[in-house]
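Hello,

Here is the structure I promised to pass on to you. Please have a look at it first, and then read my notes below.

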Amino acid sequence: MKSYLGARGDLSPDLSFRKIDINSGYRREFWTRNCVAVGLSAGFLEPLEASAIVMIELSAKSIANLLPGCRGGMREAARLFNDTYRYRWERIIDFLKLHYALSRRTDSRFWIDNRARESIPDSLRDYLEFWRDHCPWHEDFSHREEVFSAASYQYILYGMGFQTYPAAWLLNERDRNLAREKISETAHYAKSLTASLPSNRELLSKVRRYGLQKI
């Protein structure tokens, strides 16, 4: 990182960095007796998708809906909560891993290890196989409130060049023409936006030089 940034020539040669180690993972039991782990006390994976924020909101909603009026219902409430949030954490892992599994980078051990088939959860491998001839859709997931919807998977899959080959009978000629039209419109719009925006490096250099505009 230091050699990469230093090569730009606009950073101090004595610039130092602080390494932050992350002990990633999640609890197997979130609700025990009268205590419920929420937020970072429940788990943390990585900041790629800021999934902790939505998990806090979903947890608060679940607690409000499940909290029983007497002690007798506490065990069943805990079971329902724990089952649901184990499922949600597993789906978060699938979604995060998707970013790495589809990468074509081989320039370091990190990318090679994270692209290795044996490092991909069985659930994600099954999804990827299924999505070879079936576009991700709502029915692919078993919960009504998913942390990441089918649309989120579509953004990552197709943004990273994943190919789906649906059966011919699923798409008629009208659908194919409409798809081509929308793809062309999107490409044109993206090109016009790209032309009007500064590069990441230009933006960061301006922020470093002038600071952020006050609201």
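**What I found**

Setting aside neighbours within four places in sequence, Leu128 touches Leu98, Leu102, Leu157 and Phe162. Please keep in mind that this is a predicted model.

Leu128 is also among the residues with the most contacts inside the largest nonpolar core, together with Ile92, Leu98, Trp131, Tyr153 and Leu157. That core has 32 residues. Two or more residues each come from α2, α3, α5 (122-130) and α6 (150-159), and α3 gives the largest share, with 11 residues. As background, nonpolar side chains tend to be buried together in soluble globular proteins.

Next, the pairing of two of these helices. Helix α2 (residues 51-66) packs against helix α3 (residues 74-101) at an angle of about 165 degrees, and their axes are 11 Å apart. Angles over 145 degrees count as roughly antiparallel, so α2 is roughly antiparallel to α3. Their crossing is right-handed. On the α2 side, the contact is made by Ser51, Met55, Leu58, Ser59, Ser62, Ile63 and Leu66; α3 contributes Ala77, Leu80, Phe81, Tyr85, Arg88, Trp89 and Ile92. Sorted by class, this contact has 10 nonpolar, three polar and one charged residues.

Gly211 follows α8 and has a positive phi, near 85 degrees.

Key
Residues are numbered from 1 along each chain as its sequence is written. This is a predicted model: local features need pLDDT of at least 70, side-chain atom pairs count only at pLDDT 80 or more; totals for chains, interfaces and linings use all residues. Side-chain values use heavy atoms; hydrogens and water are left out. Axes are lines fitted to C-alpha atoms, for helices over the stretch in contact, and angles run from 0 to 180 degrees between N-to-C directions. Helices (H or I, at least four residues) and strands (E, at least two) are DSSP runs, numbered from the N terminus. Angles under 35 degrees count as roughly parallel, over 145 as roughly antiparallel, 65 to 115 as roughly perpendicular and the rest as oblique. A crossing is left-handed if the near helix is turned anticlockwise from the far one by less than a right angle, and right-handed if clockwise. Contact means heavy atoms within 4.5 Å. Ala, Val, Leu, Ile, Met, Phe, Trp, Tyr, Cys and Pro count as nonpolar, Asp, Glu, Lys and Arg as charged, and the others, Gly among them, as polar. A nonpolar core is a set of buried Ala, Val, Leu, Ile, Met, Phe, Trp, Tyr and Cys residues joined through side-chain atoms within 4.5 Å. Buried means under 20% relative accessible area, exposed over 50%, partly exposed in between (1.4 Å probe, protein chains only).
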